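Hello,

I am passing a structure on to you, and below it you will find some notes to read alongside it. Please open it first and keep it in view as you go.

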Amino acid sequence: MRRRMMMTAVAATGLLALTACTGGGGDDGGEEGRGDITIWYSNNAAEIAWGEQMVEAWNAEHPDEQIKAQEIPAGASSEEVIGAAITAGNAPCLVYNTSPAAVPQFQKQGGLVNLSEFDDGDGYITERSGDVADQYRSADGDFYQMPWKSNPVMIFYNKAMFAQAGLDPENPPLATYDEFLETARTLVSSGASQFAINPAPTSEFFQSWFDFYPLYAAQSDGTLLVEDGAATFDDENGTAVAEFWATLYSEGLAGKEQYQGDAFADGVSAMSIVGPWAISVYGDDVDWGAVPVPTQDGTAPEETYTFSDAKNIGMFTACENQATAWDVLKFSTSEEQDGVWLEETGQMPLRQNLTDAYAEYFEANPAYQQFGDQAARTVEVPNVPNSIEIWQTFRDGYSNSVIFGEEPVADFLTDAATEIDELAQG
C-alpha cells in the first residue's frame with residue numbers, strides 16, 4: 001500500500017511551479033464560520049472505510065454542520081491535485097492525506113490555515129501527540145498541519161530464506177552494520193535470495209525516505225536531515241550510513257535496477273524496509289519477522305529511531321466554515337476515532353502513549369506491537385522551505401554516489417549539504 005501511495009508522489013515536484021502564484025503563510029484560524037464542510041481522504045479501502053464511519057458518526061449528531069466527503073480527485077499525485085485546488089481557490093476544508101513534505105509549498109501558496117490560531121489549537125495538538133508534534137511546526141513556530149498518523153518503518157525479513165541460508169530466523173544478526181552485511185552476504189552467497197535487500201534505486205525525491213533516512217535517524221539518535229536551517233548529514237553519522245549502503249550496492253547485495261513488482265513478496269529480496277501497512281499486505285503469503293533498522297554499533301530497540309512515513313491533516317483557506325472544520329478535525333482525531341482508525345487500518349495514530357492508550361488492541365494484535373512502540377521514536381521530513389527540492393537534491397547525489405559509485409561518498413555529502421543549506425534559506 002505504502003509503495004503504491006508513494007509512487008503517486010512522483011509528480012509532486014510540479015508543486016514548485018504552482019507556488020509562484022501566491023504568497024504568505026495562510027489564514028489565521030478563528031471561531032467564525034459554522035455550517036457544512038467538504039473533506040477529502042485517501043483512496044485506499046481501509047481509509048475509506050474509516051472515513052465513511054467517521055462522517056456518519058459526525059453527521060448523525062450535527063444536522064446543521066454536515067460533512068460531505070469524497071476521495072481525493074484523481075491526478076498524477078495527491079500533492080499536485082491539492083496544490084492545483086489551492087491555486088483555483090476551491091480546496092476542501094480538510095484533507096486527510098497531507099504530506100508533510102508538501103506543507104511548506106502549500107503554506108507558501110497561502111493555502112493552509114494556521115491551526116495554532118484557534119484558541120485550543122496548540123494545546124490540543126501537543127496534548128494528543130506529545131513532543132513528536134514539534135517536528136511539524138513551521139518556521140514561525142505554529143502548526144499548519146495536524147499530526148495525524150504514521151507508518152514507522154522497520155526491517156521486514158523472510159524467515160524461510162534466513163533458515164535456508166543457515167541463519168537464525170528468530171534472532172537474526174541484523175543489529176549492527178557489520179552483522180547486517182555478513183547476513184546479507186550469507187543470504188546471497190547461499191542462493192537463498194538474489195538480493196539481501198532491494199530498496200527502489202530510482203531517482204524520485206521521496207525514495208531516500210526508505211533507504212538512507214531511516215538509518216540516519218537511527219544512527220544520529222533522531223536527527224532531521226535539516227535542522228536550524230542547515231544540513232546535518234555531512235558528518236560521521238551520515239558518512240557511516242552512506243558507506244553502509246554503498247557497500248551493499250557495490251557487492252551486489254542490493255539491486256541497481258528497478259524491480260517491476262514487489263521484490264520482497266516475490267522472493268527476490270530477503271528483506272525490505274516497510275511500515276505496519278505491510279502486515280496486512282503480506283499476510284500469510286510470507287513468513288516474516290521484523291526488527292528495528294540497524295546502526296553502526298547496534299542500538300537497543302527501545303532507543304532506536306526511524307522515519308515516520310506520516311500523513312497529516314491540512315485545513316485549507318478556501319474553507320468558509322473553519323470553526324466547524326476545526327471541530328471535525330478534533331472529533332476525527334479523538335481517542336475514540338483514533339482507536340477506530342487503528343482497528344481499520346493498522347496505521348499508528350500520532351498519539352503519545354499509544355500502546356498504553358490502546359493496550360487491548362495491541363494485546364489482540366501482537367504483530368503491531370513493535371510498530372506501536374516504534375511510533376514514539378520517529379523522525380519526520382524537515383518542515384523547511386523548498387522541502388521537495390531539498391530531497392531531490394539529496395536523492396540525485398545519493399544515486400550518483402551511493403548506488404552507482406560515480407562519486408566518493410565524502411564528496412557527495414559535502415556537495416549536497418552545501419546546496420541544501422542554500423535551499424533551506426528559502
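**Helix H8**

Let's start with helix H8, which covers residues 177-189: at 1.5 Å a residue its 13 residues should span 18 Å, and its end C-alpha atoms are 18 Å apart, which agrees. (Helices are DSSP runs of H or I with at least four residues, strands are runs of E with at least two, and both are numbered from the N terminus; the expected span is 1.5 Å times one less than the number of residues in the helix.)

Before going further, please note that this is a predicted model, in which local features need pLDDT of at least 70 and side-chain atom pairs count only at pLDDT 80 or more, while totals for chains, interfaces and linings use all residues. Residues are numbered from 1 along each chain as its sequence is written, and side-chain values use heavy atoms, with hydrogens and water left out.

Which residues of H8 are buried? They are Tyr177, Phe180, Leu181, Thr183, Ala184 and Leu187. These residues cover an arc of only 160° around the axis, so they sit on the same side of H8. (Buried means under 20% relative accessible area, exposed over 50%, and partly exposed in between, with a 1.4 Å probe and protein chains only; the arc is taken from the directions from the helix axis to the C-beta atoms.) Asp178 and Ser189, on the other side of H8, are exposed.

The buried residues of H8 pack against several elements, among them helix H7 (159-164), helix H9 (212-219), helix H10 (236-250) and strand E5 (154-158); contact here means heavy atoms within 4.5 Å. After H8 comes Gly191, with a positive phi near 85°.

**Salt bridges**

A salt bridge is a side-chain nitrogen of Lys or Arg within 4 Å of a carboxyl oxygen of Asp or Glu, and by this rule the count comes to 13.

One of its partners is Glu65, with the closest N and O atoms 3.0 Å apart. Arg34 lies in the loop between helix H2 (15-18) and strand E1 (37-41), and Glu65 in the loop between helix H3 (45-61) and strand E2 (67-71), so the pair ties together parts that are 31 residues apart in sequence. Glu65 is buried at 16% relative accessible area, whereas Arg34 is partly exposed at 43%.

Arg34 also forms a salt bridge with Asp327, where the closest N and O atoms are 2.9 Å apart. Asp327 belongs to helix H12 (residues 322-332), and the two partners are 293 residues apart.

**The disulfide**

How many disulfides does a search of the whole structure find? It finds one, a disulfide being a pair of cysteine sulfur atoms within 2.5 Å. The partners are Cys93 and Cys319, with their sulfur atoms 2.1 Å apart. Cys93 is in the loop between helix H4 (78-88) and strand E3 (94-98), and Cys319 in the loop between strand E12 (311-315) and H12, 226 residues apart. Their link is right-handed, with 85° about the S-S bond, and both cysteines are buried.

Best wishes
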